[in-house]
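This briefing is meant to be read slowly, with the sequence and the 3D view side by side. Please look over both before going on to the points below.

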Amino acid sequence: MDRGAIAIASELFECRHYGSAVATCSSVLEDDPACVPLLLIRARCFIAMRRDADAQADLRTIIQIDSRCALAYRLLGELAARKDENASAAIFFRESIRLDPGDQDARDWLLVVDPAAAAIPIARPSRSRAPVAPPRTATNARSLSAP
């Protein structure tokens with residue numbers, strides 16, 4: 001895995017230089033076609049460039065390489081939603097949430113394509129976590145200090 005190329009492609013993507021990011025990814029992928037981080041960056045660039053078929057091809061390749069890549073499923077869901085294929089989109093978003101229960105973007109998208117999903121509980125990770133205290137704001141700080 002070429003970490004330098006990943007960093008460069010990521011920076012180009014963040015700066016919205018999608019064509020240059022695609023060229024960088026494609027160049028390195030010729031020698032390392034199974035580099036999931038570069039495939040993800042290139043797929044995200046294709047999505048930004050409205051090259052949905054190219055993005056979909058990269059995302060399907062990613063899933064063949066790493067079937068546990070939640071982001072690939074979420075991006076496939078976004079592509080399906082873009083085409084008003086809500087049933088397919090919901091399947092992809094549910095798989096993304098199954099693989100990454102903390103993916104709030106996938107949860108939000110799922111509610112867009114399937115509003116009835118709000119009534120269906122989605123399995124949370126089984127590992128226990130300590131409760132998180134709410135952030136201290138002026139409003140709740142007053143209520144905590146009030147007699």
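This is a predicted model: local features need pLDDT of at least 70, side-chain atom pairs count only at pLDDT 80 or more; totals for chains, interfaces and linings use all residues.

Of the 147 residues in the chain, 36% are buried. Among the contacts between residues at least 6 apart in sequence, 41% join residues that are at least 24 apart.

**How H3 and H4 pack**

- Helix H3, which covers residues 36-48, packs with helix H4, which covers residues 52-65, at an angle of about 160°, and the axes of the two helices are 8 Å apart.
- Because angles over 145 degrees count as roughly antiparallel, this angle makes H3 roughly antiparallel to H4.
- The crossing of H3 and H4 is left-handed.
- On the side of H3, the residues that meet H4 are Val-36, Leu-39, Leu-40, Arg-42, Ala-43, Phe-46 and Ile-47, while their partners in H4 are Asp-52, Asp-54, Ala-55, Asp-58, Leu-59, Thr-61, Ile-62 and Ile-65.

**Val-36 as one example from H3**

- Val-36 is found in helix H3, and with a relative accessibility of 15% this residue counts as buried, because buried means under 20%.
- Leaving aside residues up to four places away in sequence, Val-36 touches Ile-62, Ile-65 and Asp-66.
- Val-36 and Ile-62 are 26 residues apart along the chain, and their C-alpha atoms are separated by 6.0 Å.

**Two loop residues with positive phi**

- Arg-50 is placed in the loop between H3 and H4, and its phi is near 65°, which is a positive value in a residue other than glycine.
- Arg-50 has a relative accessible area of 58% and is therefore exposed, since exposed means over 50%.
- Asp-84 lies in the loop between helix H5 (70-82) and helix H6 (86-99), and its phi, also a positive value in a residue other than glycine, is near 60°.
- Asp-84 is exposed as well, with a relative accessible area of 65%.

**The aromatic pairs**

- A search of the whole structure finds 2 aromatic pairs.
- In one of them, the rings of Phe-13 and Tyr-18 have their centres 5.7 Å apart and their planes at 55°, so this pair is described as tilted.
- Phe-13 counts as buried, at 13% relative accessibility.
- In the pair formed by Phe-93 and Trp-109, the ring centres are 5.8 Å apart and the planes stand at 20°, so the pair is stacked, because planes under 30 degrees apart count as stacked.

Conventions
Residues are numbered from 1 along each chain as its sequence is written. Side-chain values use heavy atoms; hydrogens and water are left out. Axes are lines fitted to C-alpha atoms, for helices over the stretch in contact, and angles run from 0 to 180 degrees between N-to-C directions. Helices (H or I, at least four residues) and strands (E, at least two) are DSSP runs, numbered from the N terminus. Angles under 35 degrees count as roughly parallel, over 145 as roughly antiparallel, 65 to 115 as roughly perpendicular and the rest as oblique. A crossing is left-handed if the near helix is turned anticlockwise from the far one by less than a right angle, and right-handed if clockwise. Contact means heavy atoms within 4.5 Å. Buried means under 20% relative accessible area, exposed over 50%, partly exposed in between (1.4 Å probe, protein chains only). Rings of Phe, Tyr and Trp (its six-membered ring) pair if their centres lie within 6.5 Å; planes under 30 degrees apart count as stacked, over 60 as edge-to-face and the rest as tilted.
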